[in-house]
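Please keep the sequence and the coordinates open while reading.

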Amino acid sequence: MRALNEDAVVVDVEYGFAVVADGMGGHNAGEIASRIAVDTLRERLPIKIQQFRAGARQPRPHQFAEQLIGEANRAIYSTAAGHANCKGMGTTIALWLMHGEHAALLHIGDSRIYRLRNGQLQQLTRDDSLLRDQVESGLISANEAATSHNRHFVTRALGLELQTAVHIHEEALRAGDLYLLCSDGLTDMVEDSDIELILDQLKTNLELAAQHLIQLANDYGGADNISVALVRVLDTAQEKSGLLGRLLSWLKR
Amino acid sequence: MAKLVLSLNGTVINQFFTDKPNLCIGQAADNDIVINDPLVGEHCAHIVGIGEDHILESLEGDYGILVNGKACFRQILQHRDIIHLGAYHLRYLNSRVSSELNMDRTMLIEALPLEAQAGKAITSLPSARPNKMYFPEGYVQIQKGRGHHLPGENVALDRVVTTFGTPGEQLVVLTRRPQKIYLTHVEGPQMPRVNQKSIGREPVALQDGDLIEAASHRLEFHLGRPPTKR
């Protein structure tokens, strides 16, 4: 019933980063796209982080992370161009990368990054979604959005064009912060107030918290892949040991 | 189930699913499919679903509506038909006819302005969770405990999770799920006990009347709403 879906989630405690990707495209092409994105970051980020930790001043973490996301984009794009089954595949991505007392947040599409601080959940990323645009421009109300069929139209994704623009955001970390990276499969089904409650109540057992989130999305009839990564900042002063990451992902198909 | 893909000059703008018996098309904002083109009437047409089929009916004008370039007043739509609406095209795709039709709802919309609006508050889209999902009700009667609950008090389990104990030391969680309410150990050296038997790390489904000993609490679990206080 539950499967670890490492194609779509990475949490690297040693190097201090977490990634969630949610692929799109038929005939398993979406899974190929998300796996290329995740593999690129899993393999290449540690090298860049090592160089940065060794004292290299340039590039900055958000710069090399953006560059690697660009590489993943080109890799997906060229794979899609070379395989008829993969035509039009793409993936959303959310990346959380810790450096010193800060974290770089990068995302494309509608995978999200949230932060729980002092019991308050806050969404830190802005979805590249047509529905979000329409709610913001007042075309439809937020209540109507809940029942909209068009909730999954993303306006940007990785792998569709040779160039892609990444949203980048820097965060100052505080001890005790809990970061949630998730695919739309979670936030479609579970209300933010329930996510906040579960994270706040179960933050001392991240694996159980992740299980609860996925289980609740499932109980509400989740039909999409649900990928979740949780990262808790223990102590920002000690970069290497100050990070606890657990990942769990649930795949339904 | 069918879908209608709206495009302008070959660029997909939106898609609509025919899960309402009647889809209205026109320039006015109260239509299901709003076409922002001065050549399109306020409420120019509607699509009526009958079984697996869909009928397009013109509602305004003396010339009908163009389908695949031909004027008509009422027509059963065929897979891949194109309805012309001013400069816009609305393509009808029926999933019954076409198994390759992608009903995956996560898809990309291209050719839209993609500028990030820095500084604006982030709009959180509401979830689509159905309200009718039945989660059982339950409560626990505190027989012994510390913290903010007093012995004798009934605590309703009205949220998806309710914890007892002290985070960082000893903690258990009661979780509402569609059929039952479960008890799970969260952390701490002592495993919780149900009816004097120690439970493992796996969640345990609770029965009415179960006695829970966990995290310095003794709790009696009951299904239903807590009795009202006198």
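Chains, cores and a sheet

Of the 253 residues in chain A, 55% count as buried. This is a predicted model, and the description of chain A can continue with its secondary structure: seven helices and 11 strands. Contacts in chain A with a separation of 6 or more are made to 70% by residues 24 or more positions apart.

In general, nonpolar side chains in soluble globular proteins tend to be buried together. The largest nonpolar core here has 99 residues, and those that touch the most other members are A:Val19, A:Ala37, A:Leu95, A:Trp96, A:Leu181, A:Leu213 and A:Val228. Helix α1 of chain A, residues 29–53, supplies the largest share of this core, with nine residues. One of the members that touch the most others, A:Leu181, can be followed through its contacts. Leaving aside residues up to four places away in sequence, A:Leu181 touches A:Ala18, A:Val20, A:Ala94, A:Trp96, A:Ser111, A:Ile113 and A:Ala229.

Chain B is divided by the domain assignment into domain 1, residues 2–94, and domain 2, residues 138–223. The C-alpha centres of domain 1 and domain 2 of chain B are 56 Å apart. For residues 25–86 of chain B, an unreviewed UniProt entry lists "domain: FHA". This span of chain B is 0% helix and 47% strand, and its end C-alpha atoms lie 12 Å apart.

The strands of chain B can now be placed in a sheet. Six of them form an open sheet with antiparallel pairing, in the order β2-β1-β11-β10-β7-β8. Which strands stand at the edges of this sheet in chain B? They are β2 (11–17) and β8 (70–72); each has a single partner strand, so one side of each has no neighbour in the sheet. On average, neighbouring strands of this sheet are turned by 30 degrees against each other, with direction ignored.

One pairing within the order can be looked at in detail. In chain B, strand β7 (residues 65–67) pairs with strand β10 (residues 82–85) in the antiparallel sense, over two bridges. At the level of residues, B:Val67 has B:Ile83 in β10(B) as its bridge partner.

How values were computed. Residues numbered from 1 in each chain as written. Chains lettered and ligands numbered in written order. Predicted model: local features only at pLDDT ≥ 70, side-chain atom pairs only at ≥ 80, totals over all residues. Domains from an automatic or database assignment. UniProt positions renumbered as here; feature names shortened; annotations may be inferred. Helix = DSSP H or I, 4+ residues; strand = E, 2+ residues; numbered from the N terminus. Buried ≥ 20, exposed ≤ 12 C-beta atoms within 10 Å, placed from the backbone. Contact = placed C-beta atoms within 7 Å. Core = buried A, V, L, I, M, F, W, Y, C linked by C-beta atoms within 7 Å. Pairing = 2+ DSSP bridges. Axes fitted to C-alpha atoms, helices over the stretch in contact; angles between N-to-C directions.
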